[in-house]
Amino acid sequence: MTEMAPKSLPLHRARFFIAALATLVGLSAPLRAAAFSPGDPVRLTRSETLMFQGKNFLGAPKGQEFSVLKDDRSLVYVAFFKEDGTVIAVTLPPEALEPCPPEAWGDLLRGVEAFRDQRIEDARRLLLRAGQDPQYRQLAATLTMRINAALATGQQVRSAPAAGRPAFAQALQGLRDTAEQLVTLRHLCLALPLDEGTDRLSGSVLGTPAGAPVLPPSKVNREDLAKRVAVSNRAVWRCRQAMALHRLVEATRYIKEGLKAEPGRPELKAFKELVEKDMDEADERYAAADKMRRFEKGAVHALTALEMGLKLCADHPQLRELKQEMRAAVEERTAPPITPAFLAAARVQTSPQALEEGHNLYTTRCTECHELELLDSRSVSGWQKAVAGMARRANVNDSQQARIVEYLAAAQNGLDAGK
């Protein structure tokens, strides 16, 4: 029988084969084109652990938003503000991220920033999408018209310099006027990139040829604008981050800083409304918890109100102080230690050593990213799912998962026995 020479695989099948093989043997991540560009707003599709320099850094809840720094296909680098205000690059798996839904003001801002960076097609696309919102339709149309006029007359200069320069100078003046109007409207974060983009467009079209018209001077205080916009931009992202972590007192501080620098910033105005609403509800939870703990057997209801309040506002000073005052009751209903009384109430066959291991794992690994929840906030099957979902991020293996769930089931038994 004649031996047949192997045939080469078609290119598309070869790529599929290599990617599948790499996935199976774990040699590399599946082939993936970079999906995100620097500056893109993205959000988490599931709870994740932020990684910094290859180590667990902080838990991030589903829905938290970030700004992309770099997408290198296997990891996405996003910006994270530390408590001291410094920005670090943390990483997330690309499969856990998706683009933030289009939002008119965000499109408007990113569109003008794209013009500043001379990414013209991105600018047109984003401004067109922003114009679909009735609230910003007129503003988006004005910006689009002025930018397109400058681009069109810039092309005329390239093809017929002498004839095109007057019209180009007029179009540039229109952009300068628009930047000044945006300052009047208190949209500083739009005015600054528009004015900067005018400089860059003029430089790319005119260069320094003999007889070129002088670029119309800026009509805004660029230095002051740059300082204010830097503060408001930072406040927006720090506020997003604080709100995702339910740190509303912290978020309130950023909102005040941002609105002082740029009083008309729409994102900060919207954040202020949301934060004030949740703060009011957290205050109500505190009042309820403080009242109920004073009644005999009211601790259970007080702890529920306390937990619900802290889920709304994790840095609420009065709720945190109350939690400290009730720390013994909190421990008893979140992670009771293994004592003879615990073992008697739990009525399980699991050895005390195994339960102790589960308790230690639960109170150390599971608190790296979040606070402990009340034991009766989930069923045993619910705890199994929760522990399994967090195991990878907490670096907990299957055996350790089992120990944690055994401990939680025993603790719930003890809780039920004491009711």
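This is a predicted model: local features need pLDDT of at least 70, side-chain atom pairs count only at pLDDT 80 or more; totals for chains, interfaces and linings use all residues.
1. As for the surface, the protein has an accessible area of about 23200 Å², and carbon and sulfur atoms own 55% of that.

2. On the overall make-up: you'll find 16 helices along with 7 strands in the protein. If you take the contacts with a separation of 6 or more, 63% of them link residues 24 or more positions apart.

3. One of the residues to look for is Pro41, whose bridge partner in E4 is Ser67.

4. E4 also runs antiparallel to strand E5 (residues 76-81), again over 3 bridges. Here Lys70 has Tyr77 of E5 as its bridge partner. E4 and E5 make a hairpin with 4 residues between them. Have a look at Arg73 in that turn, where phi is positive, at about 85°.

5. Over to the helices. H9 (residues 266-292) packs against H11 (residues 317-325) at an angle of about 30°, and their axes lie 9 Å apart. Angles under 35 degrees count as roughly parallel, so H9 is roughly parallel to H11. The crossing of H9 past H11 is left-handed.

6. Which residues make that contact? From H9 come Ala282, Arg285, Tyr286, Ala289 and Asp290, while H11 brings in Gln318, Leu319 and Leu322.

Note on methods: Residues are numbered from 1 along each chain as its sequence is written. Side-chain values use heavy atoms; hydrogens and water are left out. Helices (H or I, at least four residues) and strands (E, at least two) are DSSP runs, numbered from the N terminus. Contact means heavy atoms within 4.5 Å. Accessible areas come from the Shrake-Rupley method with a 1.4 Å probe; for residues, only the protein chains shown count as cover. Two strands pair if DSSP finds at least two bridges between them. Axes are lines fitted to C-alpha atoms, for helices over the stretch in contact, and angles run from 0 to 180 degrees between N-to-C directions. Angles under 35 degrees count as roughly parallel, over 145 as roughly antiparallel, 65 to 115 as roughly perpendicular and the rest as oblique. A crossing is left-handed if the near helix is turned anticlockwise from the far one by less than a right angle, and right-handed if clockwise.
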